[in-house]
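Subject: Handover of a structure

Dear colleague,

Please find the structure below, together with its sequence. I would be grateful if you would look through it before reading the notes that come after.

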Amino acid sequence: MKIRRSIKDNRGESALFRRRALTGFVLILLGLSMLVGRFAFLQVMRHDEFVTRAQNNRVKPRALPPARGLIYDRNGVLLADNVPAFRLEVVPEQVPDMPAMLAQLGKIVPLGRDDLDAFRKLLTQSQRFESVPLKMHLTEDEIDRFAVNRWRFPGVDVVPYLIRRYPFGRLFSHVIGYVGRIDANDLQQLDPVRYKGTSHIGRSGLERSYEDVLHGTPGYELIEVNADGRTQRVLETHAPTPGKNLYLSIDVRLQKAAAAAFDGRPGAAVAIDPRNGQVLAMVSVPSFDPNLFVNGISQTDYSALTGDQDKPLYNRALRGVYPPGSTVKPLIGLGGLETGLRTPEDTVVSTGVFYIPGQQRGYRDDVRGGVGRVDLEQAIEMSVNTYFYKLSLDMGIDRFSAWMGKFGFGRPTGIDLMGESPGVLPSREWKAAHFKQPWYPGETVIAGIGQGYWAVTPVQLAHAIATFAGHGVAYAPRLVMATQAGMDAPLKPLPNPPGGPSLIRNPADWDVINKGMQMVIYGARGTGYGLAKGFPYLIAGKSGTAERFSRTTSAYNNDKNTAYLASRHRAWFVAYAPADHPQIAVAALLESGAWGASDAGPIVRRILDAWLAAHGGVIQGGERLPSSSASASGAASAGGPGKFPVSGSTGATP
Amino acid sequence: MIAVAYVRWRRFLRRVMTRPRIDVPLAIGLLTLALAGLVTLYSASNGSLALVGGQAGRFVLGGALLLLISRIPPPVLRNWTPWLYVGSTALLILVVVLGEGRGADRWLNLGVMRFQPSELLKLTMPMMVAWYLHPRQLPPGWKDIVVVGVLIAIPAGLIAEQPDLGTALLVAAAGAFALFLSGMAWWRIGLLIGAVAGMIPVGWHFMHQYQRDRILTLLNPESDPLGNGWHIIQSQIAVGSGGIFGKGWQHSTQSRLDFLPEHTTDFIFAVFSEEFGLVGVAALIALYAFIIGRCLWIAMEARDTYSRLLAGAIGMSFFVYVFVNGGMVAGMLPVVGVPLPLISYGGTSAVSLLVSFGVLMSIHAHRKMHD
């Protein structure tokens with residue numbers, strides 16, 4: 001060691017080290033300058049870019065869905081409400097293992113197959129960082145249990161929301177309809193900006209047809225999130241504009257009375273104010289609880305509804321089509337007067353059977369042997385087929401369908417609901433288009449008693465009667481009377497201008513038909529005699545009993561068994577009141593009724609009673625009858641000792 | 001025998017207990033750095049006094065060790081060197097046998113505290129190289145270079161096996177710096193670098209997949225924005241959004257909202273850059289440059305080869321820590337677990353760095369001594 005030591009040139013080594021250290025330091029300064037240069041590049045040259053990215057990192061917009069507009073009846077009774085509820089939401093991005101998470105979560109909060117299916121469907125549609133609803137309407141118990149276990153489920157949260165609630169349940173399900181969860185199919189059609197954060201959309205009824213009005217405009221807030229996506233604070237809020245409230249023209253008391261009057265028997269009833277087209281009641285029986293659909297109906301409940309042979313989901317008032325039967329006879333009679341084919345004094349002899357000149361085929365009256373000589377008013381009162389057979393034949397199908405078309409038959413009425421059936425108004429063109437066959441005169445004859453191809457919906461018939469009751473001025477039926485932007489805002493009426501000038505050229509013609517229809521109620525031989533007993537205002541009406549099946553023989557049917565008849569007939573009754581100043585027009589249909597007047601008539605009466613009660617028993621403008629009277633007024637006709645019922649029509653089809 | 005040992009022990013203690021003779025400029029530099037570290041840590045930890053207090057405690061412990069070691073004369077250290085080297089290498093082997101750690105077996109559990117033997121090598125490696133070169137004729141010839149190469153390769157290989165490629169490279173660099181400072185001829189350096197460059201494909205072959213991923217991600221961080229690229233992207237966003245003057249102390253959104261991972265440890269430089277901007281970065285780098293320069297100054301003043309090489313290698317290693325960490329934060333270098341010296345939170349790093357500076361202080365204090 002010592003020897004090696006002496007060899008070492010310490011001074012030279014020191015100088016060498018000095019050079020190396022200085023070289024090293026220069027290199028180090030170079031390296032550090034490079035580093036500063038890199039920072040300068042990021043912090044000066046690319047500063048703007050990174051500021052934006054830092055901002056995008058931490059600030060996320062979050063949609064604030066608008067509260068859905070509420071729905072009230074005409075007197076402000078709440079029919080559709082929003083109530084607070086809680087749901088589970090999942091941010092997929094934050095869930096490391098989705099199937100495992102769902103399995104674990106299912107042990108704490110039961111997840112139905114429907115929930116999971118809907119969730120998976122939505123999952124494929126949404127972005128990874130967007131919150132997807134998993135289970136709606138948590139119970140308090142479920143919320144508590146989840147809260148305790150929340151730490152085990154990153155990315156899963158309990159979120160408050162507003163849920164639709166229909167306090168009257170089945171009473172309005174065919175009018176208001178219901179909302180349902182937005183599903184994958186909806187997402188493809190909806191405006192993604194307007195529906196950001198919204199989970200429900202109108203599925204049927206007014207909820208669907210007024211979706212644009214009820215929905216409102218979403219707002220948003222800018223929130224600061226951390227790397228886990230948890231909200232730290234709200235930076236800015238732009239409040240949503242809630243949807244507008246709807247005020248229906250329906251009166252909940254009439255609606256209740258109408259629904260109750262059916263007593264569970266399938267049918268429909270519609271009441272319209274002839275002065276403006278406002279719908280006062282609209283029921284389809286049986287019905288269903290719309291609240292079941294709001295959170296996604298369970299398979300069991302749905303099968304129960306679809307499996308029911310009375311079809312509670314089927315909106316008979318809007319979509320059910322039935323032959324109108326004798327209810328349209330007053331309108332046909334009006335057509336006879338307006339076209340100049342008849343005068344009120346013209347008479348026809350009813351012999352029991354009517355023959356088209358030169359043909360063998362007989363068209364029967366309802367009473368064997370006929371009722372003798374009748375004028376138009378009597379023909380309406382007793383629903384005499386022969387009168388109308390002859391009249392329609394004289395009019396011919398072209399004039400006939402042109403006239404009836406004016407009352408809205410054969411096309412949608414334009415009511416503010418979707419999916420309305422147009423029905424069928426028989427015409428030469430219609431038959432050619434559907435059967436590629438020429439028109440036969442016999443078909444004109446049976447059209448004269450509302451049979452054959454003719455098919456109407458209860459809404460359509462109510463609309464036609466209302467049009468007549470309103471002296472021929474047609475208004476499209478309207479359920480929504482007014483909208484309201486916000487709770488304290490004034491009501492803004494929705495305009496509903498008449499469809500045109502009056503259909504009736506000669507007001508005296510209207511008086512004749514009006515009188516005939518009063519005689520239906522008050523005439524001793526009237527088919528609806530007795531229906532107005534105790535009602536203080538004049539009622540005008542018409543019964544109808546439509547054949548469900550074609551007859552196979554022309555023989556009279558002597559079986560008067562009610563159940564047997566009910567299985568063959570649709571029972572109609574239409575009416576309006578007060579007859580001297582009509583303010584309500586009603587059409588009621590029983591799908592299986594023996595006789596229009598005796599079965600559907602009382603339903604109409606109960607609706608009128610409720611309407612009267614809703615007005616406190618006093619109708620402005622109507623002449624009040626002496627309290628003793630059901631037989632009062634000039635309508636009482638000189639008829640034979642008519643026995644009740646003398647029923648509507650029976651038709652014969654070739 | 002016992003008497004002799006006793007007398008030596010008394011003499012050692014007397015030396016240690018005499019008044020401290022530290023280098024004031026270096027001490028001021030380190031103190032400034034430590035204070036900057038605590039201030040940044042306070043912000044990066046969202047005002048956690050527990051964290052800042054713990055780190056301050058480690059600084060106190062490290063400072064005490066610094067003062068203690070500054071009394072130990074370099075010749076004494078030189079005498080201990082082979083044992084320290086062998087001892088720390090043995091601990092590395094122990095880690096391989098029974099170590100525990102997060103995925104990588106780097107830690108040794110001492111019961112009271114867990115401790116990373118590879119940290120020791122950062123100091124004992126340059127000591128060993130300096131010890132070996134001290135009596136040799138300098139500049140070193142091929143034979144000495146090969147021996148030093150082996151001395152470097154054994155612990156570096158063990159550390160790389162753990163696997164901790166970052167520390168392995170740092171340890172190897174510390175040894176290599178000593179070799180560089182010893183005057184190794186430039187043509188030999190060139191040849192060696194060429195050979196190492198030629199080995200890169202071979203090294204790639206032996207790398208772990210996660211190490212490869214980190215390098216690949218560096219080349220294209222956007223390819224994997226939620227995995228390996230996340231660190232690089234978020235760190236660059238933090239740095240870049242800081243701008244020239246920064247967002248201000250405690251206003252780093254990237255750190256406060258947890259977008260920046262490891263924001264109190266390996267990525268604290270990004271927090272610093274976001275809050276203090278380019279001005280702060282330049283000032284911090286200048287401080288590091290000053291400390292490194294002062295280390296090299298002390299090295300040049302030393303009279304013997306061992307002290308010179310050791311002081312110089314420690315100073316230059318310090319640069320590597322700063323460069324590797326800064327390069328990583330700025331997205332220039334792959335993500336390796338190298339803390340920013342005296343700023344990053346972490347006990348072993350702070351204490352072992354201060355111990356190294358203790359050695360420097362000792363070399364400074366004994367610069368006039370000849371052995």
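The notes below set out what was found.

This is a predicted model, in which local features need pLDDT of at least 70, side-chain atom pairs count only at pLDDT 80 or more, and totals for chains, interfaces and linings use all residues. Residues are numbered from 1 along each chain as its sequence is written, while chains are lettered from A and ligands numbered from 1 in the order in which they are written.

Chain A holds 22 helices and 23 strands; these are DSSP runs numbered from the N terminus, with H or I over at least four residues for helices and E over at least two for strands. Of its 654 residues, 45% count as buried, a term that requires 20 or more other C-beta atoms within 10 Å of the residue's own, with 12 or fewer for exposed, partly exposed in between, and C-beta atoms placed from the backbone.

One open sheet in chain A has five strands in the order β14-β13-β23-β22-β21, with antiparallel pairing. Two strands pair if DSSP finds at least two bridges between them. The edge strands, each pairing on one side only, are β14 (279-285) and β21 (540-547) of chain A. Strand β13(A), residues 267-272, is joined to β14(A) by six bridges, and Gly267(A) stands opposite Val285(A) in the latter strand. The peptide bond from Val285(A) to Pro286(A) is cis, with omega near -5°; Pro286(A) belongs to the loop between β14 and α11 (291-294) of chain A.

Pro139(B) is placed in the loop between α5 (117-133) and α6 (142-161) of chain B.

Two residues deserve a note on phi. Most residues other than glycine have a negative phi, and most peptide bonds are trans. His137(A) has a positive phi near 50° and sits in the loop between β4 (132-135) and α6 (140-149) of chain A. His137(A) is partly exposed, because 13 other C-beta atoms lie within 10 Å. Leu342(B), in the loop between α13 and α14 (347-365) of chain B, has a positive phi of about 65°. Leu342(B) counts as buried, because it has 28 C-beta neighbours inside 10 Å.

Finally, the contact between the chains takes 43 residues from chain B and 38 residues from chain A, where contact means C-beta atoms, placed from the backbone, within 7 Å. On the side of chain B that touches chain A, α12(B) gives the largest share, 13 residues.

Yours sincerely

Key: Two residues are in contact if their C-beta atoms, placed from the backbone, lie within 7 Å.
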